[in-house]
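Work through the two exercises below with the sequence and the 3D structure at hand. Each task is followed by a solution in steps.

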Amino acid sequence: MKGDAKMTCDYKKGFADQTKEITVSSLEVEGVIPDWLSGTLVRNGPARFRLEGKTLNHWFDGLAMLHKFDIANGHISYANRFLDTPALRAAKDGKMKYGEFATDPCRSLFKRITQVFTGSTSGANANVSIGKIAKEFVAQTETPLPVAFDVDTLKTIGIVSYSDGLKGNLTTAHPHQDQGDQFNYLLSFGHKSTYNVYRLSDGSKKRQLIGSYSTGRPSYMHSFGLSQQYLILMEFPLVVNPISMLVRGKPFIANYTWKPERGTRFSLVDRQTGEVRYAHTDEAWFGFHHVNAFDNNDHSKIDLDIIVYPDADVVQYFYLNSLLNKRNQEAYPKNELRRFTIDVPAGTVSSRRLVDHSAELPRINYEQCNRKTYRYVYANGIARQGESAFLDTVVKFDLTGDVKEWRQDGQYPGESVFVARPDARSEDDGILLTVVLDSTANNSYLLLLDARDLSEIARASVPQHVPFGFHGAYIRS
């Protein structure tokens with residue numbers, strides 16, 4: 001029992017503030033870095049949760065920090081830097097001026113109206129993912145205010161300005177890429193809220209509207225699916241009345257309500273025509289991360305793969321008072337990788353479980369397999385189902401049935417980014433890059449795993465801990 005109790009506690013260093021910004025020209029490496037691996041891994045995530053006299057409520061609230069690992073000629077360097085945003089500058093003054101995902105400052109009704117319906121008071125705390133708009137690398141979050149930064153120095157450039165008239169209050173931090181185009185949506189709140197689906201061409205800052213549709217109760221969606229023909233919004237029954245966000249005075253996500261009787265709606269926007277079609281299941285699901293989607297030959301059916309939970313309780317699980325409570329022995333919420341098959345003409349949905357193994361932060365060989373049939377998923381898993389309190393393994397799901405796992409006691413890996421070998425002979429011929437918290441040594445390291453069997457290739461030690469982040473990107477040299 002003592003060992004199990006320790007398992008629920010030693011991950012907590014991952015939620016401790018990291019305020020030191022350092023540059024290390026060469027990290028100590030165990031193992032051998034492959035000669036062909038040459039590029040930069042950039043990670044994004046929260047690094048400060050405690051302000052003067054106040055602790056932020058949720059993992060998703062922390063102030064954004066960028067982390068960079070340059071890999072070349074068998075050596076790895078490291079640097080980290082806070083994203084310089086209005087939210088960070090207010091925090092340096094000991095204040096919380098802007099609302100976050102689950103934490104809100106005391107604001108007047110007028111200021112709440114301004115933030116919800118114009119976004120003009122957003123702190124641009126882009127702490128979720130890394131992307132690229134035109135020629136600039138950007139940090140992204142769920143408000144449509146990506147923040148550009150210099151990938152060499154990690155110095156913040158500023159909030160990106162688009163050269164179009166599209167407006168919205170929410171988006172996703174997971175735009176899809178396809179043949180040089182980027183796809184995403186903007187949600188505009190109102191008495192009737194509107195989803196505006198758009199395309200952004202490579203090198204451009206002008207978003208092109210593809211299609212729109214309205215809804216009375218918008219759903220909280222962290223990501224979406226993209227197939228050859230459709231952009232698919234899986235509308236979970238975690239919904240909001242936007243007007244209530246004004247009068248209730250609650251943080252953003254606290255305004256959303258779980259309504260399982262609504263079931264789950266799939267809204268399909270044709271990428272070419274903008275036509276919107278719908279499918280529905282009476283089953284209530286919730287999820288953060290889509291894995292992949294692809295059409296059959298005549299586009300009449302779509303397979304959509306996503307990690308789903310039976311309800312939205314996982315949002316509550318990520319509140320810091322739950323994660324950091326020493327008496328908390330609750331296990332990580334059970335989920336599953338599930339395939340939803342959408343019959344487009346009939347508007348019906350069936351589903352089946354692909355893997356009976358809880359996991360999160362899934363990645364695939366995106367360059368080769370996005371929008372296509374595929375075989376392998378890499379994710380962060382749970383070593384002891386029903387016992388582990390936080391993600392503590394790297395897992396590889398072979399959709400033909402096999403599951404491989406990397407784990408070590410007291411080690412907590414983050415999202416695994418797949419990098420294909422230049423002359424790859426198979427879908428899984430490459431390396432996984434993951435930043436691991438070593439709770440015993442009280443620091444972190446970059447771990448390189450062979451994506452074929454999850455055997456360790458090398459690790460590079462960082463002389464401080466890297467807080468648990470969300471997503472990253474690998475940039476080839």
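**Exercise 1.** Which side chain does the side chain of R43 join in a polar contact of 2.6 Å?

Solution. The model is predicted: local features need pLDDT of at least 70 and side-chain atom pairs pLDDT 80 or more, while totals for chains, interfaces and linings use all residues. Residues are numbered from 1 along each chain as its sequence is written, and side-chain values use heavy atoms, without hydrogens and water.

Step 1. R43 is buried, at 8% relative accessible area (buried means under 20%, with a 1.4 Å probe and protein chains only).

Step 2. The partner is E415, side chain to side chain. A polar contact is a pair of N or O atoms within 3.5 Å; within protein, one must be able to donate a hydrogen and the other to accept it, and residues adjacent in sequence count only if both atoms are side-chain atoms.

Step 3. A polar atom of the R43 side chain also lies 3.2 Å from the backbone oxygen of F470.

**Exercise 2.** Which residues in β29 are the bridge partners of K396 and V394?

Solution. Step 1. Strand β28 (residues 393-398) pairs with β29 in the antiparallel sense over four bridges (pairing takes at least two DSSP bridges).

Step 1. K396 is partnered by K404, and V394 by W406.

Step 2. Four residues lie between the strands of this hairpin, where G401 takes a positive phi near 135 degrees.

Key. Helices (H or I, at least four residues) and strands (E, at least two) are DSSP runs, numbered from the N terminus. Buried means under 20% relative accessible area, exposed over 50%, partly exposed in between (1.4 Å probe, protein chains only).
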